[in-house]
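Please open the model in a viewer and follow the selections below in order.

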Amino acid sequence: MTIDHGTAMGHTVPAGPGMGTCHLIHHPSPRDHYLLDDLGPGEENFALAGEMPVAHPLFNDGPGRFHDAQIATETVREVGEFIGHRYFGVPDDRPGLFFRLALDLTDLSGWRSPHRHPGEGGVPVTTRIKVRPANVVDEVPRGLDFHIEILIDGLSCGTGAAGLVFLMPRIHRKHVEHVRRAQLAVPELDDSPDGPLRPATCAEVGRYLPENVVISEPTDCARGRLSTWVLTEGVNPVFEGDERQLTALHLMESLRQASLLAAGRAHGLPAERSMPVSCEVNFRGQADLDLPLRCVAVAGQLGRDTEGRPSVPVTLTVTQRRRTVAEARTRVVRDY
C-alpha cells in the first residue's frame, strides 16, 4: 500500500495478503496548502484508491456474486492508525483501537461482482475518507472520527463512519492484564461449550473453504435466536494477529457469518444470494483467544427493502465469560 500525501516524500505501509496495492492520497485543506508539514488539529481529507482483490484468502472465497464489504472496512482500519500518527501528531507509541463502526451499502448494484475478461484489469474502488480529531488535549487528539464514501467502478455505493481511540501504552497494558485476571478469578462466570464444536456448514455462511468458517454449528436455536461459538483453532492464518487476542477481522467475519446463518435459518434466505447491506458495531472490549467466545444472533421479522427484496434485521452479541465484547445490528438482504 503506497501512501501519497502530496509531497515529494513517499510513505509505505504493508497491505494485507492478497489485497494488492492501494494509494492513500492526502487532499490538504486550503489552510495547509503552503504548510504541509504543520500538524493541525482540524479536519483532513483523503482518498484511498486501488482495485478489488482477486486472490485474497478470505474476501475472494465464496460464491463470488458480491464484492466483500469488509474490503472497505479493513483497508480503512489498516490506515487509520497511520493517519493519526502522520497527520494529527499522535505519538507513535500510542496504538489505535476502533471502538465503533457503521457501514451502509447504498446501491447494491455496485457490489455485485462483474465478470471480467482477461486483460480488462481489476475493478477500481475508491474510498473517500474525512477525518476529524476528537477529544483534543494540548493540540493532540485522543481519538479520530472517520466518515467514508465508497465508490466502485466510479459508482457511489456505500457510506460509513468509525471511531478510533489512541491508547496510552502503559494504561492499555494494565487494563488488558486486569480484565484477564478478573475473568479467571471468577469461575462462576464461566461460559463454555458443553462438548466438541462442529463448524457451521460452509454454504450457510457464504464461504467455500472450511478454514474460513469461524462460527460453530448453533448449539441452541429457538424462535429466530441462535447461539454459536466463535472458532479460533484451525482457522485461516489471515485471522491471526500479533497478540493472543481476537483480531478485528476475525470478529467482523464472525458477525457477518452469524448474520447470514440467522437470516437463513429463520427465514430461508440463501447465503449465496444474500448480503449484509448494513452493519453497526460497538466494540465493548478485547477478547482473549484462550477463552471461549459466544455469539448470539437474533433474527427479526422478514420484510422488504425499498426495491422489494426480502430483508431481515439481525441483532448480535459476542460475549466472553458473560462479559460483552461486541454488540451489533445488521440487515441481510436477498438479491435476485
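**Salt bridges and a lysine contact**

The structure holds 19 salt bridges, each being a side-chain nitrogen of Lys or Arg within 4 Å of a carboxyl oxygen of Asp or Glu. This is a predicted model, in which local features need pLDDT of at least 70 and side-chain atom pairs count only at pLDDT 80 or more, while totals for chains, interfaces and linings use all residues. Residues are numbered from 1 along each chain as its sequence is written, and side-chain values use heavy atoms, with hydrogens and water left out.

Select Arg100 and Asp145: their salt bridge has its closest N and O atoms 3.1 Å apart. Arg100 lies in strand 5 and Asp145 in strand 7 (residues 140–152), so the pair ties together parts 45 residues apart in sequence. Strands are DSSP runs (E, at least two residues), numbered from the N terminus. Arg100 is partly exposed at 27% relative accessibility, as is Asp145 at 21%; buried means under 20% relative accessible area, exposed over 50%, and partly exposed in between (1.4 Å probe, protein chains only).

The C-alpha atoms of Lys130 and Asp145 are separated by 8.2 Å. Among the residues that Lys130 touches are Glu43, Asp145 and His147, contact meaning heavy atoms within 4.5 Å.

Next, select Glu280 and Arg329, whose side chains meet in a salt bridge (2.9 Å, N to O). Glu280 belongs to strand 11 and Arg329 to strand 15 (residues 323–334), so this pair ties together parts 49 residues apart in sequence. Finally, display Arg112, Asp305, Glu307, Arg309 and Asp335, which salt bridges with shared partners join into one network.

Technical notes
Helices (H or I, at least four residues) and strands (E, at least two) are DSSP runs, numbered from the N terminus. Lists of a residue's contacts leave out its neighbours within four places in sequence.
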